[in-house]
Structures are given as structure tokens and as C-alpha cells.
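I opened my notebook to look up a few features of one protein structure.

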Amino acid sequence: MANREGICVFCHNKKSLIDSNNTLLSENGFGVCRSCSNRNVELENKQSFIDMCLLLNMPFLIDKYENTVESGKKNVAWSTYKSRISKVWTDGFASSIFEYEDQDKQEGFVITDEMKARWGTGYETSEIEVLELSLRNLYAIKEPATKFEVEKYISNVKLKIALDRAFEENDVKAIPALRKAYEDDCKTLGLEAVLNTKEDKIESVGESIRHWEATKPVPTRKEYEDVDGYAEYLTKWYITPLKRNFGMASEEEVNELYAGTE
């Protein structure tokens, strides 16, 4: 996507805007300029990167964020992160915490270089998909605080798939030892919620929502578009007034502000 001219939502100046997949902003002439994108993220503040990803509708990749922090480039933190995710942008959000499914291509699960490095060899494609989903579920339950904890999460997930294999192969000798190792590891990591869910066979509403969002995003269908009217509300009471202030609103858009007030 080429850079374009528009109004930056941070500094309110007309500038060259950086890439964005937020159509609500971009289609109305708004976005974020390069200097503001770097100024509004802090190198070691992960939440600031997540917030910028949400604003621009870009994937948040934990390994790319950690690489950015290691680079130590404070004044160009967002530009550095964005350059690091550019190579995986065509894969959508497959490596992000929430998986993205391209509704047009429908190519299915894609194994990235990051996944290969994370899990190593010896796993089938279907197993790597399960591993990735299990890891995202652990992140949703308890966000890891350090790289060491991330590695422990990866080991925990590998233990789980080894236990599943033992059940599938009916390996009665291996099952007790693997089950104890997996349950002890979960308790050590403070992930008792995983065990409780497994034993009770019941998911909370939040866990169910995270599961569906991670595997099957809402398809692009008319009945799912702006169900609660948020886009219409934002367009009428935020986007249009902004455009009017900068002399960019059409007469039809201005008249729509006063519709139903007669």
C-alpha cells in the first residue's frame, strides 16, 4: 500500500500517512503520519505497540516486538517494528495472537518461518496448527512476562501434544507419566485454569469467544456488518465533524448530521 496524503488523527495536520488497513479512517481521508506513529509508541511498552496495531489494523507479533526492543531504536520504534512485520504481512495474521483468515483466498493454515523456529521438526502441519492454537490459548489465560516464561509455555504445549499422541496410540505405559508431567507443569506456570477446563469440559463465555476469534473470524456477510451500529455512530459523530472542520465534508454528509432533528 503506497503512502497517501490525509489528516493525521494525532497532530491534525495534513501529511503523508503511513500504511493502514483501517478502512474507516483511510476511506475518509484520515490516518497516522510517520512522526506521530513513532512518537506514540514506547520501545519497552508492549501495550503501546498493541494499541497502534489495533488502530492501524495490523498484526501484533510478539517475536517481532521483542526483536524491536532488542534493536534499542527508541525514536523510530514503530517504523522498526513495521519493517520487521512487512515480510509476513502477506500471510495476514497467521502468526498474530488472533489468527486472520483471508476470506478471498481461503488458503487455510500457513506455516511461517517463526512457527518452524518455535516448534522445530517432527510435527505434521495439523499438529503445528494445534500447537499454535494451544499457545495462543495460554497467552489468553495468562500473558507471559519474560522470554523464559514464553519458552516454558512452548514446552508445556509440547507436553500436551505428546500426551494427546499417547492417548491416540493407546500407550497405557506412557499416559500416566505424561499426564503427571503436564499437570505439574501447568501448576508450576500458574495455569490451573487449563486443568479445570479440561476436567470440567466446560468453557467460560470469554474462553469460548477467544477460541472462535482465534480460529474462525466472523465471515464477511451483510448481516454481520455493523450489527450494533458503531460504524454508523462513529462516522456521523466523529468522522463527519472532523471532515467538516477541515472543509472535507460533502453537503450530503453535513445534512446527515441534522437528519431527524426537524
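**Entry 1: the model**

I noted first that this is a predicted model. Residue numbers start from 1 along the chain.

**Entry 2: helices α7 and α8**

I began with helix packing. Two packed helices are described by the angle between their axes and the distance between the axes. At what angle do α7 and α8 pack? I found about 130°, with the axes 10 Å apart. Helix α7 covers residues 125-141, and helix α8 covers residues 147-168. The class from 65 to 115 degrees is roughly perpendicular, and roughly antiparallel needs over 145. The pair is therefore oblique. I also looked up the hand of the crossing of α7 and α8, which is right-handed.

**Entry 3: helices α4 and α5**

I turned to a second pair. Helix α4 spans residues 62-71, and helix α5 spans residues 77-85. Their axes are 9 Å apart, and the angle is about 135°. I therefore wrote down α4 and α5 as oblique to each other. Here α4 passes α5 in a right-handed crossing.

**Entry 4: salt bridges**

How many salt bridges does a search of the whole structure find? It finds 9. I looked up three of these pairs.

I took E132 and R118 to start. Their side chains meet in a salt bridge, at 3.0 Å from N to O. The pair links distant parts of the chain, with E132 in helix α7 and R118 in helix α6 (residues 113-119). The two residues are 14 residues apart. Is E132 buried or exposed? Its relative accessible area is 3%, so E132 is buried. The cut-off for buried is under 20%.

I went on to K160 and D164. These two form a salt bridge, and their closest N and O atoms are 3.0 Å apart. Where do K160 and D164 lie? I found both in helix α8. They are 4 residues apart, about one turn of the helix. K160 has 23% relative accessibility, so K160 counts as partly exposed. D164 has 25%, so D164 also counts as partly exposed.

I then looked up K243 and E253. Their side chains meet in a salt bridge, at 3.0 Å from N to O. K243 lies in helix α12 and E253 lies in helix α13 (residues 251-257), so the pair ties together parts that are 10 residues apart in sequence. K243 is buried, with a relative accessible area of 9%. E253 is partly exposed, with a relative accessible area of 23%.

**Entry 5: far in sequence**

How many residues separate I7 and L242 along the chain? I found 235, while their C-alpha atoms are separated by 9.5 Å. I7 sits in strand β1 (residues 4-8). Its relative accessibility is 5%, so I7 counts as buried.

N28 is found in the loop between α1 (23-26) and β3 (30-31). At 16% relative accessibility, N28 counts as buried.

**Entry 6: positive phi**

H12 has a phi near 65° and is a residue other than glycine. H12 is in the loop between β1 and β2 (14-17). H12 is partly exposed, at 43% relative accessible area.

N170 has a positive phi of about 55°, and N170 is not a glycine. N170 lies in the loop between α8 and α9 (174-188). Its relative accessible area is 57%, so N170 is exposed. The cut-off for exposed is over 50%.

**Entry 7: a nonpolar patch**

Which residues make the nonpolar patch? I listed Y233, L234, W237 and Y238. The patch is about 450 Å². I placed W237 in helix α12, which covers residues 230-245. W237 is partly exposed, with a relative accessible area of 48%.

How values were computed. This is a predicted model: local features need pLDDT of at least 70, side-chain atom pairs count only at pLDDT 80 or more; totals for chains, interfaces and linings use all residues. Side-chain values use heavy atoms; hydrogens and water are left out. Patches are made of residues with over 30% relative accessible area and no salt bridge: like charges are joined within 9 Å, nonpolar side chains (Val, Leu, Ile, Met, Phe, Trp, Tyr) within 5 Å. Accessible areas come from the Shrake-Rupley method with a 1.4 Å probe; for residues, only the protein chains shown count as cover. A salt bridge is a side-chain nitrogen of Lys or Arg within 4 Å of a carboxyl oxygen of Asp or Glu. Buried means under 20% relative accessible area, exposed over 50%, partly exposed in between (1.4 Å probe, protein chains only). Axes are lines fitted to C-alpha atoms, for helices over the stretch in contact, and angles run from 0 to 180 degrees between N-to-C directions. Angles under 35 degrees count as roughly parallel, over 145 as roughly antiparallel, 65 to 115 as roughly perpendicular and the rest as oblique. A crossing is left-handed if the near helix is turned anticlockwise from the far one by less than a right angle, and right-handed if clockwise.
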